[in-house]
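Hi everyone, thanks for coming.

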Amino acid sequence: MGMSSIVKLLKSYPSLPIIAALLVLFSSLSPYFFTAGNAESILLANSVVLIAAVGMTLVFLTGGIDLSIATVISATAVVGGVVMAQTDSVFWGTSAALLAGLLFGLLNGICVGFFGLNPFITTMGTALVARGIAFTLSEGIAVKGTPEVLLDFGFELLWGIPYIMIVGIFIVVICSLAMSKTTWGRQVMLFGSNREAARYCGINTRLIETSVYVLSGLLAGIAGMVSIANLGNALPGVGDTLLLLIIGGVVLGGTHMNGGEGSIMRTVLGVTILATLTSGLNLLGIPFYDQLIVQGVLIFVGYTLAMKLSRT
Amino acid sequence: MHKGARPVLSVNQLSKAFSGKTVVKDVTFELYPGEILALVGENGAGKSTTKNMLCGLLTPTLGQIFVEGEEVPEIQGVEQGISAVHQELSLFPSLTVAENLCINDLPGSALNVDWHETQRLATEQLAFLGVEIDILANVESLGAGKQQIVEIAKASMHANKILILDEPTTSLTVPEREKLFSIMRMLKERGVAMIFISHFMDEVYAMADKFVALRDGTQVGTGYLKDVPRRELEALMVGRAIGESAFDLHKPSEKIALSINNLSSHRFDKVSLAVASGEILGIAGLMGAGRTELVESIFGIRAASGDIYIDNEQVSPASVSKMKKKGVVYVTEDRRKNGMFSGRSVKENSSAAGLSYFVKQLVKGLGFSGEREAVARLSQDMNVSTPSIDASVRQLSGGNQQKVLLGRWLATKPKICILDEPTKGVDIGAKFEIHKKIVAFAKQGVAVIVVSSDLQELLDVSHRIMVMRTGHMVGEFERENFDAVKIISLAASSVHEQSQQVAS
């Protein structure tokens, strides 16, 4: 591999040096880190964040932000859980969760794309609404009555990979292909790069902007169902602590908040960084609150590095 | 002719290198009090780097600088009485004129600014320059021309020796430009030396005493303008003689491609015009005459009332997607704001408006096969100079960016082509190439509308020129009756004279 292809690789994936450093560091500090068992637990613990981070990436690429994504995960999980408790059907539960995610996404998308409202404020409002719905519907406690099939789905592996992570990988692949191989994906990138120029090119900018919020909501719905499979119950507060992890993963990966620069694969790496870090620090027995400090520092360092590398 | 025996600034073989690559080499000149030196050259010739060294933003890599006879390692700027007005305005839009003027050195103490003194100083400075601007008005409420004057007032407040003006007239109307020139003349009389950077050769010859010409980062000539005819100076800048620029135009067809009837909006009123297939219609006028608003309304970007016909079929109200389907394209005047996707590649920029002309998609919306080859061919056709079509478009020079944008739209095989300032910020070589493209395109039967503030450009390429002033069409000239003086005076005359004007 020549020098220039290394430079190119780092430009496309500016977070690679950090991942490499973390892997080397934790492998040398803990003998359990680099084992199949640990890999499995990392994958199990991070599929929800990964799926949501894909949605957040799409929104970031247009220069927006979806602050509601975390509590929409909670709300859709509760909706799915309640429906499953009534019907004992995973199909109806999933349909209801996806529909709920879609509606939240539409609400954001129409407000931002068609009415030109600020994404930060709009999605903050939606976040509160979703949180309220999650706690009201569940009466503040875990929704019981998850069908056995879904519980099994949450634990079983295919070729050593948990099914719920396969859902995540599937979503990553589909969305990556959509970004690189479809006109829609190209238009999302162009819109994020310069929305006025996109309008002058005859691109339906309202539709493009709306579409990413809708997808983000839909992916939050999938993440909500995956959270039930992962945790066994629909929890009304499941998404509450995830927002910073989701945004952190996207940013660490090197997708720009201003839009037009970034990719889903970058986000995969960004999420991997935070996942590896948590796992490694847990193995080393570092207390939770100290971990937060390390996470915070890493986001500073990683973000700076990502911005520098992707711009050189 | 020098009042002082000693030059206020003298530089000797000034050079600047960035990470080993020399971008400006051997700039040498002497500037005496009250002299105006024009810094000329094509885009990318090194004018900005030179300017930045002269105002203290960059430290030269090599060369000597003498300020009032004393050698200094670099220019400090205001402390030495040197200040610059850059192309991008540096004013705070929400502050008042007085606050802006004094912002670099507010009177009073840091915690207790003396606002009365601020206002007094501002009033004094504006009176000194002989301009009337309300010092308590917010800068954002002023027009571009007045903002430019405030900018100059601010710069000359601290710089009593040398004032550097970088393209100060590009956003000004004719009267505003005259005002600016009179201020420059007054400063000159008071012994302030000026370094004047301008694309407009007529301005250079009207205002400057001497020149420094740069080409590809090297000084290729200096001297007194009275000794060097304009053609010679232009040839020096370009490195070759410029050919006769007016084209031998073909005859357009009789078939009307686009006509508009009584189109109105809040920026223009009851405008009617028609353009035939193969015809190049120039629209002349001043900044702010409503030309861009008019053509953007035709393209469906802005709302307007009135009728638009394409091939005698009514298409209004217009929308961008509808106009695109009808074969209308519009190349914007403001590349950066609404033309380029600056972080994206040349490839993506080229195909942005008409992917279907670049890509064969078996399933609609899916796949980009063939795009690479098609864009490469287009870039070659348009003579775009780029390291690769994957390079981001912001790495290209202004001329090449403009060619990418033109290519983007010409590739869609338009029937009606609206070009708004097609050569703005483009160097002379690229400009001529773009003009050739426009003429060749019209020859194939495309109806072309060119909006331009560069009258020479319109005289060179148009079959017909219409003149717009404050939202009205006020005159029309056929090619055989082109008269630059008449067109300018028609475009620039005040509204009261309007009724007396007779279009020829």
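The peptide bond that runs from Ser316(B) to Pro317(B) is cis, with omega near 0°. For background, most peptide bonds are trans, and most residues other than glycine have a negative phi.

A bit of housekeeping. This is a predicted model, where local features need pLDDT of at least 70 and side-chain atom pairs count only at pLDDT 80 or more, while totals for chains, interfaces and linings use all residues. Residues are numbered from 1 along each chain as its sequence is written, chains are lettered from A and ligands numbered from 1 in the order in which they are written, and side-chain values use heavy atoms, with hydrogens and water left out.

Back to the backbone. Which residues have a positive phi without being glycine? One is Glu68(B), with phi near 50°. Glu68(B) is in the loop between β4 (62-67) and β5 (70-72) of chain B. Another is Lys270(B), where phi is positive at about 45°, and Lys270(B) belongs to strand β14 (residues 268-276) of chain B.

How open are these two? We call a residue buried under 20% relative accessible area, exposed over 50%, and partly exposed in between (1.4 Å probe, protein chains only). Glu68(B) has 31%, so it is partly exposed. Lys270(B) has 56% relative accessibility, so that one counts as exposed.

Next, where do the two chains meet? Contact here means heavy atoms within 4.5 Å. Chain A brings 19 residues to the contact and chain B brings 30 residues. Chains A and B bury about 1900 Å² between them, with 55% of it on carbon and sulfur atoms. On the chain A side, Arg186(A), Tyr200(A) and Cys201(A) lose the most area to chain B, together 39% of what that side buries.

Side chains of opposite charge can pair when their charged atoms come close. The rule for a salt bridge is a side-chain nitrogen of Lys or Arg within 4 Å of a carboxyl oxygen of Asp or Glu. How many salt bridges are there between chain A and chain B? The count is two. In one salt bridge, Arg186(A) meets Glu348(B), at 4.0 Å from N to O. As for which parts of chain A touch chain B, α8 (163-181), α9 (183-193) and α10 (195-200) of chain A each supply at least two residues of that side.

Over all chains, the rule gives 26 salt bridges. Let me show you some in chain B. Glu124(B) pairs with Arg120(B), with their closest N and O atoms 2.9 Å apart. Both lie in helix α3 (residues 115-129) of chain B, four residues apart, about one turn of the helix.

Then there's Arg267(B), which forms a salt bridge with Glu293(B), again with the closest N and O atoms 2.9 Å apart. Arg267(B) is in the loop between β13 (256-265) and β14 of chain B, and Glu293(B) is in helix α8 (residues 291-298) of chain B, so the pair ties together parts that are 26 residues apart in sequence. Is Glu293(B) buried or exposed? Glu293(B) is buried, at 12% relative accessible area, whereas Arg267(B) counts as partly exposed at 33%.

One more pair: Arg302(B) and Glu296(B) meet in a salt bridge at 2.7 Å, N to O. And remember Arg186(A)? Salt bridges that share partners join Arg186(A), Arg344(B), Glu348(B) and Glu371(B) into one network.

Last stop, Thr412(B), in the loop between α13 (398-410) and β19 (416-420) of chain B. Thr412(B) has a relative accessible area of 9%, so it is buried. Leaving aside its neighbours within four places in sequence, Thr412(B) is in contact with Val329(B), Ala353(B), Gly354(B) and Tyr357(B).

Technical notes. Buried area = accessible area lost by both parts, 1.4 Å probe.
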